[in-house]
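We will walk from the overall fold to single side chains, one stop at a time.

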Amino acid sequence: RRRMANVAPHLFDADETVLTFAWAPIQKAQRYGVQLRAVGSEEWTTDATISSAVLKKKNLEPGKEYECRYRPRDAVDFLPDSEWSAISAPGRTLPEGTVRLLAPTKADG
(Lines give C-alpha, C1' and ligand atoms only; values in the text may rest on other atoms or scores of the structure.)
Protein backbone atom coordinates (compact mmCIF):
# COMPACT_ATOMS: atom_id res chain seq x y z
CA ARG A 1 0.00 0.00 0.00
CA ARG A 2 1.08 3.52 -0.77
CA ARG A 3 1.77 5.87 2.11
CA MET A 4 -0.08 9.20 2.25
CA ALA A 5 2.14 12.14 1.37
CA ASN A 6 1.44 15.09 3.64
CA VAL A 7 2.48 18.51 2.40
CA ALA A 8 4.28 20.68 4.97
CA PRO A 9 2.19 23.26 6.86
CA HIS A 10 2.70 26.93 5.98
CA LEU A 11 2.76 30.01 8.19
CA PHE A 12 -0.63 31.69 7.99
CA ASP A 13 -0.27 34.50 10.55
CA ALA A 14 2.20 35.79 13.14
CA ASP A 15 2.02 38.07 16.18
CA GLU A 16 4.45 38.77 19.03
CA THR A 17 3.55 35.58 20.90
CA VAL A 18 1.22 33.73 18.50
CA LEU A 19 1.89 31.74 15.32
CA THR A 20 -0.79 30.21 13.12
CA PHE A 21 0.17 27.36 10.77
CA ALA A 22 -2.27 25.86 8.25
CA TRP A 23 -2.39 23.05 5.70
CA ALA A 24 -4.80 21.53 3.19
CA PRO A 25 -7.30 19.23 4.92
CA ILE A 26 -6.64 15.51 4.40
CA GLN A 27 -9.49 13.33 3.13
CA LYS A 28 -10.78 10.96 5.85
CA ALA A 29 -8.98 12.87 8.63
CA GLN A 30 -11.26 13.78 11.53
CA ARG A 31 -8.46 15.30 13.61
CA TYR A 32 -4.73 15.98 13.42
CA GLY A 33 -1.81 15.24 15.68
CA VAL A 34 0.35 18.37 15.69
CA GLN A 35 3.85 19.10 16.92
CA LEU A 36 5.69 22.42 17.28
CA ARG A 37 9.25 23.21 18.33
CA ALA A 38 11.73 26.05 18.33
CA VAL A 39 14.07 25.96 15.31
CA GLY A 40 17.29 24.22 16.30
CA SER A 41 15.63 22.13 19.03
CA GLU A 42 15.51 18.35 18.70
CA GLU A 43 12.51 18.12 21.03
CA TRP A 44 8.93 18.84 19.97
CA THR A 45 7.52 21.03 22.76
CA THR A 46 3.89 20.96 21.67
CA ASP A 47 2.28 17.58 21.04
CA ALA A 48 -1.48 17.88 20.74
CA THR A 49 -4.56 16.75 18.83
CA ILE A 50 -6.74 19.35 17.09
CA SER A 51 -9.92 19.13 15.02
CA SER A 52 -9.05 21.46 12.12
CA ALA A 53 -6.20 21.93 9.63
CA VAL A 54 -5.12 25.11 11.44
CA LEU A 55 -2.82 25.28 14.47
CA LYS A 56 -2.88 28.55 16.43
CA LYS A 57 -0.20 28.38 19.11
CA LYS A 58 -0.15 31.08 21.80
CA ASN A 59 2.35 32.06 24.52
CA LEU A 60 5.44 31.77 22.32
CA GLU A 61 8.59 33.87 22.72
CA PRO A 62 8.71 37.14 20.71
CA GLY A 63 11.18 37.21 17.79
CA LYS A 64 11.79 33.44 17.81
CA GLU A 65 11.51 30.92 14.99
CA TYR A 66 9.34 27.81 15.27
CA GLU A 67 8.51 24.88 13.00
CA CYS A 68 5.49 22.63 12.86
CA ARG A 69 4.31 19.29 11.47
CA TYR A 70 1.05 17.32 11.56
CA ARG A 71 -0.29 13.80 11.09
CA PRO A 72 -3.91 12.94 10.16
CA ARG A 73 -6.04 10.98 12.64
CA ASP A 74 -9.48 9.45 12.79
CA ALA A 75 -11.52 9.57 16.01
CA VAL A 76 -9.21 7.09 17.76
CA ASP A 77 -5.72 6.92 16.24
CA PHE A 78 -3.48 8.00 13.38
CA LEU A 79 -4.83 7.04 9.96
CA PRO A 80 -3.37 3.79 8.60
CA ASP A 81 -0.43 4.42 6.25
CA SER A 82 -0.15 8.04 7.38
CA GLU A 83 3.12 9.63 8.39
CA TRP A 84 4.15 12.95 9.91
CA SER A 85 4.08 15.73 7.33
CA ALA A 86 7.20 17.40 6.09
CA ILE A 87 8.36 20.03 8.58
CA SER A 88 7.20 23.59 7.83
CA ALA A 89 9.52 26.37 6.83
CA PRO A 90 10.38 28.35 9.97
CA GLY A 91 7.75 30.81 11.18
CA ARG A 92 8.96 33.75 13.29
CA THR A 93 6.99 35.52 15.98
CA LEU A 94 7.16 39.30 15.71
CA PRO A 95 9.76 41.13 17.83
CA GLU A 96 8.50 42.48 21.16
CA GLY A 97 6.95 45.95 20.82
CA THR A 98 6.02 45.48 17.15
CA VAL A 99 3.03 47.57 16.08
CA ARG A 100 0.94 45.94 13.37
CA LEU A 101 -0.34 48.33 10.75
CA LEU A 102 -3.62 47.52 9.07
CA ALA A 103 -4.37 48.66 5.56
CA PRO A 104 -7.36 50.98 5.31
CA THR A 105 -10.55 49.34 4.10
CA LYS A 106 -13.20 50.85 1.86
CA ALA A 107 -15.34 51.36 4.96
CA ASP A 108 -12.64 53.71 6.35
CA GLY A 109 -13.16 56.10 3.49
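Strands here are DSSP runs of E with at least two residues, helices are runs of H or I with at least four residues, and both are numbered from the N terminus. With that in mind, colour by secondary structure: along the sequence the protein chain reads β-β-β-β-β-β-β. The tally is 0 helices and 7 strands.

Before you click further, note that this is a predicted model, in which local features need pLDDT of at least 70 and side-chain atom pairs count only at pLDDT 80 or more, while totals for chains, interfaces and linings use all residues. Residues are numbered from 1 along each chain as its sequence is written, and side-chain values use heavy atoms, with hydrogens and water left out.

**Stop 1: the whole chain**

Show the surface. The accessible surface of the protein chain is about 7,200 Å², and 50% of it belongs to carbon and sulfur atoms; such areas come from the Shrake-Rupley method with a 1.4 Å probe, and for residues only the protein chains shown count as cover. Of the 109 residues in the protein chain, 34% are buried. Buried means under 20% relative accessible area, exposed means over 50%, and partly exposed is in between (1.4 Å probe, protein chains only).

Now think about contacts, meaning heavy atoms within 4.5 Å. Among those between residues at least 6 apart in sequence, 68% join residues at least 24 apart.

**Stop 2: the sheet of three strands**

Select E1, E2 and E5. In what order do the strands of this open sheet lie? The order is E1-E2-E5, with antiparallel pairing; two strands pair if DSSP finds at least two bridges between them. Strand E1 (10-14) and E5 are the edge strands, each pairing on one side only. From one strand to the next, the twist averages 20°, where axes are lines fitted to C-alpha atoms (for helices over the stretch in contact) and angles run from 0 to 180 degrees between N-to-C directions.

Zoom in on E1 and E2, which run antiparallel and are joined by 4 bridges. His10 stands opposite Ala22 in E2. Next, pick Thr20, also in strand E2. Thr20 counts as buried, at 8% relative accessibility. Leaving aside residues up to four places away in sequence, Thr20 touches His10, Leu11, Phe12, Asp13, Val54, Leu55 and Lys56.

**Stop 3: the sheet of four strands**

Select E3, E4, E6 and E7. This open sheet of 4 strands has the order E4-E3-E6-E7, again with antiparallel pairing. Its edge strands are strand E4 (46-50) and strand E7 (91-92), each pairing on one side only. E3 and E6 are antiparallel partners over 8 bridges. To find your place between them, look for Gly33, which stands opposite Arg71 in E6.

**Stop 4: the aromatic rings**

Show the side chains of Phe, Tyr and Trp. A pair of aromatic rings is described by the distance of the centres and the angle of the planes. Rings of Phe, Tyr and Trp (its six-membered ring) pair if their centres lie within 6.5 Å; planes under 30 degrees apart count as stacked, over 60 as edge-to-face and the rest as tilted. By this rule there are 4 aromatic pairs.

Start with Trp23 and Tyr70: their ring centres are 4.4 Å apart and their planes at 5°, so this pair is stacked. The pair links distant parts of the chain, 47 residues apart: Trp23 is in the loop between strand E2 (19-22) and strand E3 (31-38), and Tyr70 is in strand E6 (residues 65-73). Are Trp23 and Tyr70 buried or exposed? Both Trp23 and Tyr70 are buried.

Move on to Phe78 and Trp84. Their ring centres are 5.7 Å apart with planes at 65°, so the pair is edge-to-face. Phe78 is partly exposed, with a relative accessible area of 25%, and Trp84 is partly exposed too, at 24%.

Stay on Phe78 and show Arg71 and Arg73. The charged end of Arg71 sits over the ring of Phe78, 4.2 Å from its centre; this requires NZ of Lys or CZ of Arg within 6 Å of the ring centre and within 35 degrees of the ring normal. Arg73 also lies over the face of Phe78, at 4.9 Å from the ring centre.

**Stop 5: two loop residues**

Select Lys28, in the loop between E2 and E3. Phi of Lys28 is near 80°, a positive value in a residue other than glycine. Lys28 is exposed, with a relative accessible area of 69%.

Finish at Asn59, in the loop between strand E5 (54-57) and E6. Asn59 has a positive phi of about 60° although it is not a glycine. With a relative accessible area of 76%, Asn59 is exposed.
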